[in-house]
Amino acid sequence: MAPKGKVGTKGKKQIYEENKETLSFYLRIILGTTVLYGAVTLVIFYSSATFWSWAVLAFSGAVYTLSYRSMRGMAQPSFSEDGSLLDGGIDLNMEQGMAEHLKDIVLLTAIVQVLSCFSLYVWYFWLLAPGRALYLLWVNILGPWLAADSSNAPPQQEQNDKRQKRQERRQMKRF
């Protein structure tokens, strides 16, 4: 049974603490998967490592770096001169926020990177990320924009109808 009433809001300090925990969690995921991939692919199976093994490591490193820096920038707190917390930053755990999409990208990359220890063909699953981006672009921006009715037409038509009726009444009064 859902609780009744207004949904509770988080305070600045709670957002700040949760953001610190979230950033450390995703940093552990990033470091753990990268070390695991490096140990398995580039150390244990070094003789079979190809250019593509290094290329996907560089790609995943770039994705991790951009995503983590973006999340860290969003969660940047601000403090007053006396050290008290003025703003906890943007809540990284907020639903339907940009941070949610960044966390999804980090998790997708981590899963694909670990599975690519077995086969580099698993990296084709990373194409799910641009596919999801195109889907969100269509659902949230392009689809509603293209399917929107021209809302200006009915009021103008109503005004034209009113004007025409007024002119007809004036002409009837003259005769």
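Ala75 sits in the loop that joins α2 to β1 (78-79), in a predicted model where local features need pLDDT of at least 70, side-chain atom pairs count only at pLDDT 80 or more, and totals for chains, interfaces and linings use all residues. Residues are numbered from 1 along each chain as its sequence is written, and side-chain values use heavy atoms, with hydrogens and water left out. Helices (H or I, at least four residues) and strands (E, at least two) are DSSP runs numbered from the N terminus.

- Ala75 counts as buried because its relative accessibility is 7%, where buried means under 20% relative accessible area, exposed over 50% and partly exposed in between (1.4 Å probe, protein chains only).
- Not counting residues up to four places away in sequence, Ala75 touches Asn19, Leu23, Gly88, Gly89, Ile90 and Leu92, a contact being heavy atoms within 4.5 Å.
- The C-alpha atoms of Ala75 and Leu92 are separated by 6.7 Å, although these residues are 17 residues apart along the chain.
- Asp91 is placed in the loop between β2 (85-87) and α3, and Asp91 counts as buried because its relative accessibility is 14%.
- Leaving aside neighbours within four places in sequence, Asp91 is in contact with Lys10, Ile15, Glu18 and Asn19, while the Asp91 side chain reaches the backbone nitrogen of Asn93 at 3.1 Å.

**Helix α2**

- Helix α2 (residues 51-74) has 24 residues and spans 35 Å from its first C-alpha to its last, close to the 34 Å expected at 1.5 Å a residue, the expected span being 1.5 Å times one less than the number of residues.
- The buried residues of α2, among them Val56, Ser60, Val63, Tyr64 and Met71, pack against α1 (12-44) and α3 (98-115).

**Pockets**

- The largest pocket holds about 320 Å³ of space; a pocket is an open set of points on a 1 Å grid over the protein atoms alone, where a 1.4 Å probe fits, with protein on both sides within 12 Å along at least five of seven lines, and lining residues have an atom within 4 Å of a point.
- Volume is the space filled by probe spheres set on the points, which are joined across faces, edges and corners.
- Helix α4 gives the most to the lining of the largest pocket, with six residues, and the residues lining this pocket include Met98, His101, Trp126 and Arg132.
- The second largest pocket has a volume of about 180 Å³ and is lined by Trp52, Ala55, Val56, Ser119, Leu120, Tyr121 and Trp123.

Technical notes. Polar contact = N/O pair within 3.5 Å; in protein donor to acceptor, adjacent residues only side chain to side chain.
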